[in-house]
Amino acid sequence: MSKIFLKEFCFLIFLLFFHSSAWGMKSSCDGKKIKFHSHADQLIQEIEEVEFCARPAPKFRDKVFSNLKYRSNRLKTCVQMVKQENLGFDCSREFRKTVKADGGENCVTQFDVMKNSFKTFEILFSGYQNCFKNKD
């Protein structure tokens with residue numbers, strides 16, 4: 001009789017441990033999602049600040065948008081798509097093109113803020129991506 005009770009007790013302990021570790025992983029992923037989404041919103045605002053301060057480059061004076069405005073808009077779109085869990089996007093290419101774009105002579109401060117924020121975005125994204133890898 002005591003062997004059966006011991007087996008049931010061990011099984012119950014195993015179930016509790018398994019359930020609590022699965023709940024802990026879900027809770028951790030929920031926290032990562034919240035941080036990621038919050039930071040993505042912040043990054044989008046910082047990209048908009050770069051967009052706002054951008055001046056038309058000399059070769060774009062006859063056009064409505066400067067190269068920087070165009071590039072920053074593409075970067076913002078990419079960040080929004082990743083935030084919506086279209087995880088196949090890599091925004092680092094758009095980020096590099098945005099940083100190299102013409103028209104940002106007056107945006108040094110905004111660029112620095114955006115660059116630091118984008119680094120954090122990539123770090124948070126890699127942690128958030130791991131939650132999707134663990135679902136398989």
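Trainee: Before that, what kind of model is it?

Mentor: It's a predicted model, so keep that in mind as we go.

Trainee: OK. How many disulfides are there?

Mentor: The count comes to 3 disulfides.

Trainee: And what pattern do they follow along the chain?

Mentor: Counting the bonded cysteines along the chain, the pattern is 1-6, 2-5, 3-4.

Trainee: Let's take them one by one. Which cysteine pairs up with C29?

Mentor: C29 bonds to C131, and their sulfur atoms are 2.1 Å apart.

Trainee: What's the handedness of the C29 and C131 disulfide?

Mentor: The torsion about that S-S bond is about -100 degrees, so the C29 and C131 disulfide is left-handed.

Trainee: Are C29 and C131 buried or exposed?

Mentor: Both C29 and C131 are buried.

Trainee: Next one. What does C53 bond to?

Mentor: C53 is joined to C107, with an S to S distance of 1.9 Å. C53 belongs to helix α1, while C107 is in the loop between α3 and α4, so the pair links parts 54 residues apart in sequence.

Trainee: And how accessible is each end? Start with C53.

Mentor: C53 has a relative accessible area of 9%, so it is buried. C107 comes out at 0% relative accessibility, and that counts as buried.

Trainee: So what's left is C78. Which cysteine is its partner?

Mentor: C78 forms a disulfide with C91, and the sulfur atoms are 2.1 Å apart. C78 is in helix α2 and C91 is in the loop between α2 and α3, so this pair ties together parts that are 13 residues apart in sequence.

Trainee: Which hand does the C78 and C91 link have?

Mentor: Left-handed, with -95 degrees about the S-S bond.

Trainee: Are C78 and C91 buried or exposed?

Mentor: C78 counts as buried at 7% relative accessibility, and C91 counts as buried at 4%.

Trainee: What else does C78 touch, beyond its sequence neighbours?

Mentor: Leaving out anything within four places in sequence, C78 is in contact with F89, D90 and C91.

Trainee: How far is C78 from F95?

Mentor: Their C-alpha atoms are 9.4 Å apart, and the two residues are separated by 17 positions along the chain.

Trainee: Changing topic to helix packing. At what angle do α2 and α3 pack?

Mentor: Helix α2 (residues 67-83) and helix α3 (residues 92-100) pack at about 160 degrees, with their axes 9 Å apart. That makes α2 roughly antiparallel to α3, because angles over 145 degrees fall in that class.

Trainee: And which hand is the crossing?

Mentor: α2 passes α3 in a left-handed crossing.

Trainee: Which residues meet there?

Mentor: From α2 you have L68, R71, S72, R74 and L75, and they meet E94, F95, K97 and T98 in α3.

Trainee: How do the residues of that contact divide by type?

Mentor: The contact of α2 with α3 has 3 nonpolar, 2 polar and 4 charged residues.

Trainee: Great, thanks!

Notes:
Residues numbered from 1 in each chain as written. Predicted model: local features only at pLDDT ≥ 70, side-chain atom pairs only at ≥ 80, totals over all residues. Heavy atoms only, no water. Axes fitted to C-alpha atoms, helices over the stretch in contact; angles between N-to-C directions. Helix = DSSP H or I, 4+ residues; strand = E, 2+ residues; numbered from the N terminus. Parallel < 35°, antiparallel > 145°, perpendicular 65-115°, else oblique. Left-handed = near helix turned anticlockwise from the far one by under 90°. Contact = heavy atoms within 4.5 Å. Nonpolar A, V, L, I, M, F, W, Y, C, P; charged D, E, K, R; others polar. Buried < 20%, exposed > 50% of the residue type's maximum accessible area, 1.4 Å probe, protein only. Disulfide = S-S within 2.5 Å.
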